[in-house]
Amino acid sequence: MISANSRPSANSTLTLHPDRLFPSDPTVRAIAQRLYQHIKDLPIVSPHGHTDPRWFGDNTNFDNATSLLLLPDHYVFRMLYSQGISLESLGIRRRDGVVVEQDYRKIFRIFASHYYLFRGTPSRIWLDSVFHDVFGLTDTLSADTADHYYDSINAQLVKPEFAPRALLDRFNIEVIATTEGALNDLRHHAKLKGSGYEQRVITTFRPDDVVDADRADFAANIAKLGELTGEDTYSWPGYLAALRKRRAFFREHGATATDHGHPTAITADLPANEAAALFQRCLTGESSLAETELFRGQMLTEMAGMSLEDGMTMQIHPGAHRNHNAVIFERFGPDKGADIPSPTEFVSNLKPLLQKYGNEAGLNIILFTLDETTYARELAPLAGHYPALKLGPAWWFHDSPEGMLRFRHQVTETAGFYNTVGFNDDTRAFLSIPARHDVARRIDCRFLASLVAEHRLTEEEAMQVAYDLTYGLVKKAYQLA
Amino acid sequence: MISANSRPSANSTLTLHPDRLFPSDPTVRAIAQRLYQHIKDLPIVSPHGHTDPRWFGDNTNFDNATSLLLLPDHYVFRMLYSQGISLESLGIRRRDGVVVEQDYRKIFRIFASHYYLFRGTPSRIWLDSVFHDVFGLTDTLSADTADHYYDSINAQLVKPEFAPRALLDRFNIEVIATTEGALNDLRHHAKLKGSGYEQRVITTFRPDDVVDADRADFAANIAKLGELTGEDTYSWPGYLAALRKRRAFFREHGATATDHGHPTAITADLPANEAAALFQRCLTGESSLAETELFRGQMLTEMAGMSLEDGMTMQIHPGAHRNHNAVIFERFGPDKGADIPSPTEFVSNLKPLLQKYGNEAGLNIILFTLDETTYARELAPLAGHYPALKLGPAWWFHDSPEGMLRFRHQVTETAGFYNTVGFNDDTRAFLSIPARHDVARRIDCRFLASLVAEHRLTEEEAMQVAYDLTYGLVKKAYQLA
Amino acid sequence: MISANSRPSANSTLTLHPDRLFPSDPTVRAIAQRLYQHIKDLPIVSPHGHTDPRWFGDNTNFDNATSLLLLPDHYVFRMLYSQGISLESLGIRRRDGVVVEQDYRKIFRIFASHYYLFRGTPSRIWLDSVFHDVFGLTDTLSADTADHYYDSINAQLVKPEFAPRALLDRFNIEVIATTEGALNDLRHHAKLKGSGYEQRVITTFRPDDVVDADRADFAANIAKLGELTGEDTYSWPGYLAALRKRRAFFREHGATATDHGHPTAITADLPANEAAALFQRCLTGESSLAETELFRGQMLTEMAGMSLEDGMTMQIHPGAHRNHNAVIFERFGPDKGADIPSPTEFVSNLKPLLQKYGNEAGLNIILFTLDETTYARELAPLAGHYPALKLGPAWWFHDSPEGMLRFRHQVTETAGFYNTVGFNDDTRAFLSIPARHDVARRIDCRFLASLVAEHRLTEEEAMQVAYDLTYGLVKKAYQLA
């Protein structure tokens, strides 16, 4: 009997192979290498993500390996939790104030001794890249190397070159967009004025808190929206005027885009008096689930109209069943790895918005999905027809080598390359951003190389497309001059 | 910074590599080459398509490059439109008579200068093949070569060898089926009698216009059906009798098959009195959407029954959300690239028809889908059981290298090869027919070659299957002796 | 014209290539070979299947090739039936007693002369392996070799080394689980006590017959459940107590797991008094389809609770539309190849059960699906979060090379390897079990080899994972010490 051992031998070497993620076929690999050489050093443009603007505003060094790398990364602790490791033992703060593990070294050891669970996952690729390229570590993470990792990372984090703005430079990040709610005062972005980074760290307008009447704080948010803008947000016209003002305020802090995270892709185009009445129903808190859904749908169409006015690119991120695990939500709050994708329908749901605005060539609406069945069936045909639509990259659970390949394989033949918008990292794991963009660049080059090897594209064309997928399309779609 | 350039260098050479669409792995490629040599010169059998019978009936030469290659091809202008190029500027006729671009050379230049948009799409493969193989062009299409293309193509189109019937010969097309509505007088097919082409250009009976009560012209069509047949088409028995007469009339013009383009795969099997009452409701124009849907479903079952009587092969093409873009439909009419696939369910929807006729080994029902999720989940299991069912090839948006590969990968293990029916080009782009069949042949050989390389099939068997997929199965399924 | 011939030449040689199912790329193939060498001789653990316990209890030799290899294998006769071969001519017994073909040699000849239909299917791989490895046959099956096959197989079947228990030893089957209904007396398992095989042939508790109130025999089954257990099964508490007793009885006969074959993944968590009232409605036989569906859903949650008490692993197999072909069901009964997969939803449907028990790290719930669209969208995200959930392997129509590859490609990045449970053969075709496990081992090695070749995993890690996928995870998930 062969003996089982899920843990790697002590001191196995950590290397990042220069050809990683390229296929082994020598013809395709050689083409992929040439394409990758052509675009690998292009600046990073990160138009959609969740890094904390405080980092860049204050430029204070990060604290320690555990609170930087593990605690904000729900990809990491959801996997550990799935194998029976409690979130308390990982130091995830409880809402009820019950004390959780505080010993960051101990938490890091738990993570290290379960690192084999990440085999075959994108987290493994991103983390290995961070360990190797950012911190210069050369042994694979395991129980045996946990302390060495923890000490080495912490020792480096205090250095000036690990301050957030220094890392922006080191990572060659030309622009990074954070995401803030409609009521945010953007104080951290304000601090950047005059720093030389104000064009590089920009915000994104995400109004879910003031359009989603299912939220417990919806009424309070509408009240606050009124205070911030001086508009009567209890009237439909005042509410819309207030949103226009907040959009303008965000644009003053660099925003070129809005973002909308909705449970479904439902849109609506009600007559103004019906929309006004629906808004009033939602304000009472007595609206049905169907009414709040309809209201969110109406607001997507309103927002598209405002984008046509003010030129902001509009991102729609539908299809997450948020906080599926009520026990976890009650105990730890949102964003704890318990959001689960749902089947998502676009063709009927987007129709009202598209009837009104889909033919506007001046409008940029970027669609994302967690339901890959819609790539070839719905999204590519829609984006391959409507001038207002473009397709965002493989998102969230699909931001992975296989996920990106499925996206290109299923989207390209109907939508082409030029109805897509380049890569989004969509992350709060700041240090992983170069690795995430590098995975996207490698996979795009790999896909293009297979087209060249099969004589479906010339290598010269593939070079141009690789450049556009890496740099040209994202700057255009997000209007980053 | 690398400079972006989405346009190829001037005068880049257009070549069609002999190994195009084969994978670069030398083992698989060599097998694919041998299989392809075995079947590449087989005659083209095109049992389902939308070429204009007038071309073959009149045998008049085509007019110019733009009206032949661009104006009828919604794959081409939907992509251009998606990038903000107006349909008016592409010369697409408006319903309201507003004048659109008339300068065909100018339109061809717009197309040429945006040809890079088609990178990675099947249109690119088909068009390059037409340019190179049909017209002998040797530079890639671009703004620089637009005029040369336009002049060269037009100069050739007037020659006798470019007359439609001559092209049928040149393309080695053994049989081609057009598609006509139930009320069509088939005059163009009639002209072929005695020409030697009457067995080669045949029609297909498509009765959507007289079974779809959602159409504005439904009542008028029923009246016309009565006139044509001398039946009382306002009574249920008379209506059915009239349909039988029209089927016979189509068979006299070569038809061996019917075709049914329905929004869903719903079928019904109502008692005769209920079916008759439902028909009466539909005639009034006051029927609900659910009633017209049910009526279409009932008529699929009626048509299956008539196929059992008269032996016609029955094709079902469900799942297109037609004319999704109301603005475009109002301004330009149908078939303008704004049909979008929808999720399609077969297992429950087909059950009434299958309960009645699914066990008839003498019946040929061919299913198509725009929803690839049904390949492995629903269609292959259904076709791998019911004697009456076969699977049509990858359709429409999926008539592409990746689409065909997904079809074979997802269907073969459960349905085998012998419950499929070979390739359909389904096109109105006549000149692209050889290229479309060639893509299918190459992809089938590629798929078979991978099975051989992985020792899942012997090369001898693969040769036989390649022959059947190219020639044997289509002739059997469509009863083309 | 090339002549068609769907039948292989006489006497083409049957070989099983040592590299079958590995890709031809030399880099990947070499790694796959090394991984496969590492795990190919591990014992077979078969935790879920449908072999007949009588075989092992009585240990009587099998009768003949046709009744052993064809009659129980609905994969085989569904394909033959789909091509117009009647089930009567294949010797499938009719419910109405009408005499069907009795000449087993004649039936075998029909099968042999249509063996080409199985090209590209997993049945072909399994059957060729049985022919070659179990019976030593060296020519491909065809009309020409039918009699030789039939005689040779029959001559071997009578030998002592072909007795069922001898085959368990020859096949290196460490454990095999059969599946029995809740009312089964497990007499064949009882006969194994003292034979040395009682730990190797175990049962599985499948209570569908006493929880599915849509069954015609539901009321009778509840009565019998009462008789067997001495509980008042017409009361809700008595019914639950009776189920607990039957679970204990099954555990005495080796069961470590339960299995639940439901039309959908619906679960419910009703208050006890509502559950009791629903049970009473179901007992009357007047319950609606929605009520019986809800009751099955409630019972899944009840069963999960009992699993938490008694430690049995719980398997959920949803999504088959059983007996889709009413004609076949009426004439021949269930399991005749007419079960068709349906779209299946997990995220909302499983929520009630998961709310109650999903966070229990001590619970083992294994999910299967026939709807591959749920792999990446629903199942991997659920299993990558909930401690109680693991994913069963590619199932039924997807138990195939392509199906297994899709499973690994779509599941691994989000759920990892360690939220999966190894292979299930799920078969009643006993002789094919080694071939089925061999296919899974080859495909897993192939998948892992591609990760190694692309530098996403080290070869040392891949060796460990290959071991776990073949042997470690199944023993853990099914608690087979």
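In the predicted model, 5 salt bridges are found across the interface of chain A and chain C. One of the charged pairs links C:E461 to A:R119, with the closest N and O atoms 3.6 Å apart. Polar contacts across the interface of chain A and chain C involve 30 residue pairs, both residues being at pLDDT 80 or more. On the side of chain A that touches chain C, two or more residues are given by each of the elements α1 (26-39), α4 (74-82), α6 (122-134), α15, β9 (340-341) and α18 (401-415) of chain A. The residues on this side of chain A comprise 23 nonpolar, 21 polar and 14 charged. In terms of contact, 58 residues of chain A meet 49 residues of chain C. About 4,400 Å² is buried between chain A and chain C, and carbon and sulfur atoms give 51% of this area.

The interface of chain B and chain A was examined in the same terms. Here, 58 residues of chain B are in contact with 49 residues of chain A. The buried area between chain B and chain A is about 4,400 Å², with 51% of it on carbon and sulfur atoms. Between chain B and chain A, 5 salt bridges are counted. In one salt bridge, A:E454 is paired with B:R446, and the closest N and O atoms lie 3.0 Å apart. A further count gives 30 residue pairs in polar contact across the interface of chain B and chain A, both residues at pLDDT 80 or more. The elements of chain B that supply two or more residues to the side touching chain A are α1 (26-39), α4 (74-82), α6 (122-134), α15 (326-332), β9 (340-341) and α18 (401-415). By residue class, this side of chain B holds 23 nonpolar, 21 polar and 14 charged residues.

Within chain A, two parts are assigned: domain 1 (26-62 + 161-477) and domain 2 (63-160). The centres of domain 1 and domain 2 of chain A, taken over C-alpha atoms, are separated by 28 Å. Contact between the domains involves 32 residues of domain 1 of chain A and 30 residues of domain 2 of chain A. Together, domain 1 and domain 2 of chain A bury about 2,800 Å², of which 64% is on carbon and sulfur atoms. Three phenylalanines, A:F62, A:F162 and A:F332, contribute 23% of the area that domain 1 of chain A buries against domain 2 of chain A, more than any other three residues.

The count between domain 1 and domain 2 of chain A is 1 salt bridge. The side chains of A:R331 and A:E88 form a salt bridge with an N to O distance of 3.8 Å. Polar contacts across the interface of domain 1 and domain 2 of chain A number 13 residue pairs, both residues at pLDDT 80 or more. On the side of domain 1 that touches domain 2, the elements giving two or more residues are α8 (164-170), α15 (326-332) and α19 (433-453) of chain A. Of these helices, α15(A) provides the largest share, 5 residues. The residues on this side of domain 1 of chain A divide into 17 nonpolar, 5 polar and 10 charged.

Chain A also contains an open sheet of 3 strands in the order β1-β2-β4, with parallel pairing. Strands β1 (44-46) and β4 (201-202) of chain A each have a single partner strand and stand at the edges, so one side of each lacks a neighbour in the sheet. Strand β1(A) is joined by 3 bridges to β2 (residues 173-177) of chain A, the two running parallel. A:S46 lies opposite A:I176 in β2(A).

Definitions and conventions
Residues numbered from 1 in each chain as written. Chains lettered and ligands numbered in written order. Predicted model: local features only at pLDDT ≥ 70, side-chain atom pairs only at ≥ 80, totals over all residues. Heavy atoms only, no water. Contact = heavy atoms within 4.5 Å. Buried area = accessible area lost by both parts, 1.4 Å probe. Salt bridge = Lys/Arg side-chain N within 4 Å of Asp/Glu carboxyl O. Polar contact = N/O pair within 3.5 Å; in protein donor to acceptor, adjacent residues only side chain to side chain. Helix = DSSP H or I, 4+ residues; strand = E, 2+ residues; numbered from the N terminus. Nonpolar A, V, L, I, M, F, W, Y, C, P; charged D, E, K, R; others polar. Domains from an automatic or database assignment. Pairing = 2+ DSSP bridges.
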